[in-house]
Amino acid sequence: MEFGDVIPFLENKNILVTGATGFLAKIFVEKKLRVQPNIQKIYLLLRAEDDNSALQRLQNEVIERDLFRVLKENWGSNFNSFLTQKIVLVPGDVSLGEDLGVKEPTLSQKMWSQLDVIVNLAATTNFDERYDVALGTNTLGAEHLVRFAKKCVRLQVLVHVSTVSSNLMFYTRKSTN
Ligand SMILES: NC(=O)c1ccc[n+]([C@@H]2O[C@H](COP(=O)([O-])OP(=O)(O)OC[C@H]3O[C@@H](n4cnc5c(N)ncnc54)[C@H](OP(=O)(O)O)[C@@H]3O)[C@@H](O)[C@H]2O)c1
């Protein structure tokens with residue numbers, strides 16, 4: 001895939017982005033919503049106890065940032081309904097297992113049947129992190145993500161970004177067997 005093909009490729013696609021409150025994820029989400037508003041859905045996985053605290057984190061740590069100003073201006077009074085239509089919040093934690101800590105089975109089923117793209121940006125970026133925490137998120141979390149991805153029947157692309165490498169995998173069902 002050429003770089004210029006990415007925007008048309010994302011039309012009508014369902015994407016899961018992990019690490020939703022992080023630096024890179026915010027930039028990724030804002031840009032995708034701005035340049036490809038015909039994206040189907042962006043599932044945003046973030047650490048939260050429940051839907052309400054996930055919504056609060058989205059508002060306070062993502063949407064309220066100045067980064068989203070242009071998007072807000074572009075959509076005006078329709079901004080909130082645009083977001084509601086495009087964003088699905090996924091309270092979860094990639095360190096918790098291959099279900100990614102998602103408690104609602106129907107939400108997991110929906111992602112397994114609908115996701116076309118997964119972008120894994122969840123990580124601890126603290127270089128002095130406790131060993132078990134770093135292992136749980138940055139190593140086992142990545143493994144859990146791959147196991148989760150294998151259940152996604154439509155998945156075409158899995159992007160994993162880490163401190164030492166960024167990998168883009170074009171995913172075909174055959175290659176997982
Ligand atoms: N920023 C850069 O310039 C850059 C350059 C090259 C590579 N990278 C790599 O890209 C990745 C993302 O970087 P970043 O700068 O966006 O990092 P960041 O700002 O520290 O964000 C990390 C995100 O991961 C989330 N997270 C941490 N542990 C989690 C878990 N167990 N389950 C789910 N989410 C979890 C954090 O959520 P909480 O808010 O809940 O803690 C936060 O949203 C990292 O692997 C980093 O090394 C970044």
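## A buried helix residue

Ala25 counts as buried because its relative accessibility is 1%. Buried means under 20% relative accessible area, exposed means over 50%, and partly exposed lies in between (1.4 Å probe, protein chains only). Ala25 sits in helix H2, residues 23–35. Helices (H or I, at least four residues) and strands (E, at least two) are DSSP runs, numbered from the N terminus.

Which residues does Ala25 contact, leaving aside its neighbours within four places in sequence? They are Val17, Thr18, Gly19, Ala20 and Leu121. Contact means heavy atoms within 4.5 Å. Val119 is 94 residues from Ala25 in sequence. In space, their C-alpha atoms are 8.7 Å apart.

## About the model

This is a predicted model, in which local features need pLDDT of at least 70, side-chain atom pairs count only at pLDDT 80 or more, and totals for chains, interfaces and linings use all residues. Residues are numbered from 1 along each chain as its sequence is written, and side-chain values use heavy atoms, with hydrogens and water left out.

## Thr137 in helix H7

Thr137 is found in helix H7. With 13% relative accessibility, Thr137 counts as buried. Leaving aside neighbours within four places in sequence, Thr137 is in contact with Val94, Ser95, Ala122, Ala123, Thr124 and Ala142. Ser95 is 42 residues from Thr137 along the chain. The C-alpha atoms of Thr137 and Ser95 are separated by 4.8 Å.

## Salt bridges within helices

Side chains of opposite charge can pair when their charged atoms come close. A salt bridge here is a side-chain nitrogen of Lys or Arg within 4 Å of a carboxyl oxygen of Asp or Glu. By this rule the count is eight salt bridges.

One of them joins Arg34 to Glu30, with the closest N and O atoms 2.7 Å apart. Both residues belong to helix H2. They are four residues apart, so about one helical turn separates them. Are the two partners buried or exposed? Arg34 is partly exposed, at 35% relative accessible area. Glu30 counts as buried, at 4% relative accessibility.

Arg57 forms a salt bridge with Glu61. Their closest N and O atoms are 2.8 Å apart. This pair lies in helix H3, where a spacing of four residues amounts to about one helical turn. Arg57 is partly exposed, with a relative accessible area of 24%. Glu61 counts as partly exposed, at 24% relative accessibility.

## A bridge between distant parts

Glu98 forms a salt bridge with Lys151, and the closest N and O atoms are 3.4 Å apart. The pair links distant parts of the chain, 53 residues apart. Glu98 is in the loop between strand S3 (87–91) and helix H6 (105–114). Lys151 is in the loop between helix H7 (131–150) and strand S5 (157–161). Glu98 is partly exposed, with a relative accessible area of 34%. Lys151 counts as partly exposed, at 34% relative accessibility.

## Surface patches

Patches are made of residues with over 30% relative accessible area and no salt bridge; like charges are joined within 9 Å, and nonpolar side chains (Val, Leu, Ile, Met, Phe, Trp, Tyr) within 5 Å. Lys and Arg count as positive, Asp and Glu as negative, while His and the chain ends are not counted. The place of a charge is taken as NZ of Lys, CZ of Arg, CG of Asp or CD of Glu.

Glu49, Asp50, Asp51 and Glu104 form a negative surface patch. Glu49 lies in the loop between strand S2 (41–46) and helix H3 (51–63). Glu49 counts as exposed, at 63% relative accessibility.

Which residues form the nonpolar patch on the surface? They are Phe23, Leu24, Ile27 and Leu67, with about 390 Å² of accessible area together. Accessible areas come from the Shrake-Rupley method with a 1.4 Å probe; for residues, only the protein chains shown count as cover. Leu24 is in helix H2. Leu24 is partly exposed, with a relative accessible area of 45%.

## Positive phi angles

Asn12 is not a glycine, yet has a positive phi of about 65°. Asn12 lies in the loop between helix H1 (6–9) and strand S1 (14–18). Asn12 is partly exposed, at 45% relative accessible area.

Leu100, also a residue other than glycine, has a positive phi near 60°. Leu100 lies in the loop between S3 and H6. Leu100 is buried, with a relative accessible area of 0%.
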